[in-house]
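Dear colleague,

I am handing over the structure we talked about, and my notes on what was found in it come after it. Please open it beside the text as you read.

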Amino acid sequence: MAQLRIPTTQNVTLEYETASIGERIAATLLDGVVQAGWVILWMLLLFGVFDVQTNRNEVLLGVIVIGFVVLPLFLYHLVSEALWQGQSIGKRIMKVRVISLNGTPARFTQYLLRWVLRLVDVSMFYGIVAIACILGSGRGQRLGDMAAGTAVVRLNRRQTTADNSLFGSDYDPNYRVTFPQVAQLADHDVRLIQELVTQSEKRGAYHILDEVAQRVRTLTGIETTMPNHEFLLVVLRDYGYLASQAAAR
């Protein structure tokens, strides 16, 4: 799998592992199963309710099919990725996500461009064009990703072995985790957070943590009014404690 290297404004390089072709195909197939299930469910409901012998019922049935079956299928990938920060149901199951090439969550316009070009490199040519582009791009990108400036990356979860050089090893057994959502972060994310916190403390330049804290809130869904520096210190302690607990199991 390719490595996506993203230089940040703090001169630190963030690395993501791009989703493999197998993971992306599996996610697409899972989405297909979801869509097929949606169609079957509505067909059972509609044909169980409507008597299609009259023209009036045929018209009403056609409106319902277009509005509740065809349109949701047509917009499925666009709406799901826009609402779930770069994930469809299939991507969620496979633990992959669409992000911008600068490491930030993709914008709606990027999802829209990916969705439009999906008709070309996935739907129109049965995915052959998409597979060829993913294998040959070096960043695991299909045409839609290239045009939109996005990539599909793996959501690397916290490893089972804690990195004590990062988080320290002396933890109170009665320690209470403030933000359990930090378990969603990956080790490389936390390494970057710690490095930036250390740099800000050495320079007294705590403003550089504003963007980092906001990104952590976005990734984890944490809502807090805690000052950014204090918030990130708690995130590091919580993550370190959870990592040490996992390693001890």
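**The cavity and its lining**

By class, 2 nonpolar, 1 polar and 4 charged residues make up the lining of the largest cavity, where Ala, Val, Leu, Ile, Met, Phe, Trp, Tyr, Cys and Pro count as nonpolar, Asp, Glu, Lys and Arg as charged, and the others, Gly among them, as polar. This is a predicted model, in which local features need pLDDT of at least 70 and side-chain atom pairs count only at pLDDT 80 or more, while totals for chains, interfaces and linings use all residues. Residues are numbered from 1 along each chain as its sequence is written, and side-chain values use heavy atoms, with hydrogens and water left out.

The lining residues of the largest cavity are His77, Leu78, Glu81, Arg114, Trp115, Arg118 and Arg142 (a cavity is a set of points on a 1 Å grid over the protein atoms alone where a 1.4 Å probe fits but cannot get out, and lining residues have an atom within 4 Å of a point). Helix H2 (55-83) and helix H4 (108-124) are the elements that give two or more residues to this lining (helices are DSSP runs of H or I, at least four residues, numbered from the N terminus).

**Arg24**

Arg24 is found in helix H1 (residues 21-49), and Arg24 counts as buried because its relative accessible area is 10% (buried means under 20%, with a 1.4 Å probe and protein chains only). Not counting residues up to four places away in sequence, Arg24 touches several residues, including Arg114 and Arg142 (contact means heavy atoms within 4.5 Å).

Best wishes

Terms used:
Buried means under 20% relative accessible area, exposed over 50%, partly exposed in between (1.4 Å probe, protein chains only). On a 1 Å grid over the protein atoms alone, a cavity is a set of points where a 1.4 Å probe fits but cannot get out, and a pocket is an open set with protein on both sides within 12 Å along at least five of seven lines; lining residues have an atom within 4 Å of a point.
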